[in-house]
Amino acid sequence: MAGPVDWESFAVMTGGASGALTGLLFVAVSLNANRIARHPVLRAIAAQTLVLFLAPLVMATILLVPRQADWALGAELMTAGLAGGLSLLAIGRRRRAPVTADKRLTGLFDRRDTSIVVMLLFVAGGTVLESGRSAGLYLLLPALLVAFVSGVLSAWNFLLPPPDLL
């Protein structure tokens, strides 16, 4: 089973992609700043998307810390997942209106529940890693894929928001 050292290239790629997507989110929000500022739902979606893009960056940073023990890496991943999950729950309270996005793929990924699953996978991966099994790192892959897809679809909504939010 691959250990944390074997995940260095994955962390570098993920951290770079996360940083680039975070920058693009700021561009998308800036292009529509007036519209987003007037709508609490769009502000909450922007905050949720920011958390989803920053979570992989934090994960990559944690993975790239040299020579740390597996238990420490596991504890850091659990802490990051819990912090991200609590942030998403707080943001969800401000997002009072229902999701109005297309109910197919976009609707699935633009849900708070889906975002919370990302953070729970961080926590689960950290828990498995802390128990001495490096297989927990494999839970990061679905978490990151869902985070990136959710974030990109949400950012797309800033460029083409649902008609009732115009």
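**Figure 1. A nonpolar patch on the surface of the predicted model, formed by Val27, Leu31, Trp156, Leu159 and Leu160.** Together, these five residues have about 530 Å² of accessible area. Helix H1 (8–31) and helix H7 (140–159) are the elements that give two or more residues to the patch. Leucine 160 lies in the segment after H7. The model as a whole is predicted.

**Figure 2. Overall fold of the protein chain, with seven helices and zero strands.** Along the sequence the chain follows the pattern α-α-α-α-α-α-α. Of the 166 residues in the chain, buried residues make up 48%.

**Figure 3. Helix H3, residues 40–63.** At 1.5 Å a residue, the 24 residues of H3 should span 34 Å, and the C-alpha atoms at its ends are 35 Å apart, which agrees. Of these 24 residues, 17 are buried, so H3 is largely enclosed by the rest of the structure.

**Figure 4. The largest nonpolar core, with 27 residues.** Met59, Leu63, Leu77, Phe122 and Leu137 are the residues with the most contacts inside this core. The elements giving two or more residues to the core are H1, H3, H4, helix H6 (112–130) and H7. H3 gives the most, with nine residues.

**Figure 5. Helix H7 and its buried residues.** The 20 residues of H7 should span 28 Å at 1.5 Å a residue; the end C-alpha atoms of H7 are 29 Å apart, in agreement with that value. The buried residues in H7 are Leu140, Ala143, Leu144, Ala147, Phe148, Ser150, Gly151, Leu153, Ser154, Ala155, Asn157 and Phe158. An α-helix has 3.6 residues a turn, so residues three or four places apart point the same way.

**Figure 6. Alanine 155 of helix H7 and valine 29.** Alanine 155 has a relative accessible area of 14%, and it counts as buried because that value is under 20%. Alanine 155 and valine 29 are 126 residues apart in sequence, while their C-alpha atoms are 8.0 Å apart in space.

**Figure 7. Leucine 86 in helix H4 and methionine 119.** With 58% relative accessibility, leucine 86 counts as exposed, because the cut-off for exposed is over 50%. A distance of 9.1 Å separates the C-alpha atoms of leucine 86 and methionine 119, which are 33 residues apart along the chain.

**Figure 8. Arginine 35 and its polar contact with asparagine 32.** Arginine 35 is found in helix H2 (residues 33–38). At 18% relative accessibility, arginine 35 counts as buried. The side chains of arginine 35 and asparagine 32 are joined by a polar contact of 2.4 Å.

**Figure 9. Arginine 67 in the loop between H3 and helix H4 (70–94).** Most residues other than glycine have a negative phi. Arginine 67 has a positive phi of about 50° although it is not a glycine. Arginine 67 is exposed, with a relative accessible area of 83%.

Key:
Residues are numbered from 1 along each chain as its sequence is written. This is a predicted model: local features need pLDDT of at least 70, side-chain atom pairs count only at pLDDT 80 or more; totals for chains, interfaces and linings use all residues. Side-chain values use heavy atoms; hydrogens and water are left out. Helices (H or I, at least four residues) and strands (E, at least two) are DSSP runs, numbered from the N terminus. The expected span of a helix is 1.5 Å times one less than its number of residues. Buried means under 20% relative accessible area, exposed over 50%, partly exposed in between (1.4 Å probe, protein chains only). Patches are made of residues with over 30% relative accessible area and no salt bridge: like charges are joined within 9 Å, nonpolar side chains (Val, Leu, Ile, Met, Phe, Trp, Tyr) within 5 Å. Accessible areas come from the Shrake-Rupley method with a 1.4 Å probe; for residues, only the protein chains shown count as cover. A salt bridge is a side-chain nitrogen of Lys or Arg within 4 Å of a carboxyl oxygen of Asp or Glu. A polar contact is a pair of N or O atoms within 3.5 Å; within protein, one must be able to donate a hydrogen and the other to accept it, and residues adjacent in sequence count only if both atoms are side-chain atoms. A nonpolar core is a set of buried Ala, Val, Leu, Ile, Met, Phe, Trp, Tyr and Cys residues joined through side-chain atoms within 4.5 Å.
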